Amino acid sequence: MAHEDLDDVAAQLYALPPAEFTAARNARAAAAEPKLAKAVRALRKPIVSAYAVDLLVQEGQLGEALDLAAALREAQDDLDAAEMTRLSRQRRALVAALSRQAVDLARDRGVSVSDAAASDVESTIDAAVRDPAAAAAVMTGRLVRPLVATGVDPVDLTDAVGGSIPGVAERPAPPRDDLAQRRARRAAEKAVREAEREASEASRRLARVEATVQKARERADHLAEREADLRADLERVRAEGATAESAVAAAETEREQAAAEARAAQRGVDTAHAALDETGARPS
């Protein structure tokens, strides 16, 4: 084993189910040359969630997720909000699908994955999508523990991988004062964004309310005009009604006079007929 380095040995060991790891690690350490043996013996057993993610890497299923991660970072750099929204939805769906696939791969190999471990699997894949260094750690296939992306600080990779992480330099811890200052600035920037969001929402709401007031005012004015027109129509109708009532009264008086004259005339006819009958004559 003199020609083997730690990363090669670790990759082979982390491909094994966690239950087989310790015995295999000790056997490989016993067969290795002293310097490598010490490093192999120091390799830590992976927890179940890390093992499931390692299986996903070994199956070559993370390439699409990492391509999406690069597109997301490019969209963020370009401040393309619409593209970021679309890619974020795609990222969440892809992370969820890959997480289920990793859990299935582990279970196919007889390794039980709890709900908490499945959640850690999803968190780790999400971290790999969000953070290039986390992606490099995951893609080694030698992950020992799950990863978490906060969205603010870089993903903590301390003791996360058995062996080295290609292309990732050791991240020095920032000075305490500088870290506090950065956190304070991020908090202030978040407060500014929140205040701007609230102000923007308030402005939009004010515009909506002003539009509602304008529509209500226009309708009120329209109804007031209609009311004035209807009042004028009512006065006109009332006047016409009064005139019509007068005409009815005059016509009824005239009708009574005509009726009296008709009755008097009929009496005259009746009297004439009676006189005629008394003479015994017949009308020619």
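Helix 1 (6–14), helix 3 (34–41) and helix 4 (48–58) are among the elements that cover the buried residues of helix 2. Here contact means heavy atoms within 4.5 Å, and helices are DSSP runs (H or I, at least four residues), numbered from the N terminus, with strands being E runs of at least two. The residues under that cover are Pro18, Phe21, Ala24, Arg25 and Ala29. Buried means under 20% relative accessible area, exposed over 50%, and partly exposed in between (1.4 Å probe, protein chains only).

A word on what you're looking at: this is a predicted model, in which local features need pLDDT of at least 70, side-chain atom pairs count only at pLDDT 80 or more, and totals for chains, interfaces and linings use all residues. Residues are numbered from 1 along each chain as its sequence is written, and side-chain values use heavy atoms, with hydrogens and water left out.

**The chain overall**

The chain has nine helices and zero strands. Of its 284 residues, 26% count as buried. If you take contacts between residues at least 6 apart in sequence, 62% of them join residues at least 24 apart.

**How the helices pack**

Back to helix 2, which covers residues 18–31. Its 14 residues reach 20 Å from first C-alpha to last, close to the 20 Å expected at 1.5 Å a residue; the expected span is 1.5 Å times one less than the number of residues.

Two packed helices are described by the angle between their axes and the distance between the axes. Axes are lines fitted to C-alpha atoms, for helices over the stretch in contact, and angles run from 0 to 180 degrees between N-to-C directions. A crossing is left-handed if the near helix is turned anticlockwise from the far one by less than a right angle, and right-handed if clockwise.

| Helix pair | Angle | Axis distance |
|---|---|---|
| Helix 1 and helix 3 | about 40 degrees | 10 Å |
| Helix 4 and helix 7 | roughly 50 degrees | within 8 Å |
| Helix 2 and helix 3 | about 165 degrees | 7 Å |

Angles under 35 degrees count as roughly parallel, over 145 as roughly antiparallel, 65 to 115 as roughly perpendicular and the rest as oblique. With about 40 degrees between them, helix 1 is oblique to helix 3, and the crossing is right-handed. Leu6, Val9 and Leu13 of helix 1 meet Leu36, Ala39 and Val40 of helix 3.

Helix 4 and helix 7 cross at roughly 50 degrees, which makes helix 4 oblique to helix 7. That crossing is right-handed too. On the helix 4 side you'll find Val48, Ser49, Ala52, Val53 and Leu56, and they meet Ala117, Asp120, Val121, Thr124 and Ile125 of helix 7.

At about 165 degrees, helix 2 is roughly antiparallel to helix 3, and their crossing is left-handed. Arg25, Arg28, Ala29 and Ala30 of helix 2 make this contact with Ala37, Val40 and Arg41 of helix 3.

Helix 4 is mostly covered, with nine of its eleven residues buried. Those include Tyr51, Asp54 and Leu55. Just after this helix, glycine 60 takes a positive phi of about 70 degrees.

**The cores**

In soluble globular proteins, nonpolar side chains tend to be buried together. A nonpolar core is a set of buried Ala, Val, Leu, Ile, Met, Phe, Trp, Tyr and Cys residues joined through side-chain atoms within 4.5 Å. The largest one in this model has 40 residues, and Leu62, Ile125, Val138, Leu147 and Leu157 have the most contacts inside it. Helix 4, helix 5 (63–77), helix 6 (81–108), helix 7 (115–130) and helix 8 (132–138) each supply at least two of its residues. The largest share, eight residues, comes from helix 6.

Not counting residues up to four places away in sequence, Val138 touches Val53, Val57, Leu62, Thr124, Ala128, Leu143 and Leu147. A second, separate core of 13 residues includes Phe21, Ala29, Leu36 and Val144.

**Two loop residues**

Arginine 142 sits in the loop between helix 8 and helix 9 (176–279). It counts as buried because its relative accessibility is 4%. Among the residues it touches are Asp7, Tyr14, Asp54 and Ser164.

Aspartate 159 lies in the loop between helix 8 and helix 9. This residue is exposed, with a relative accessible area of 55%. Most residues other than glycine have a negative phi. Aspartate 159 is not a glycine, yet has a positive phi of about 55 degrees.
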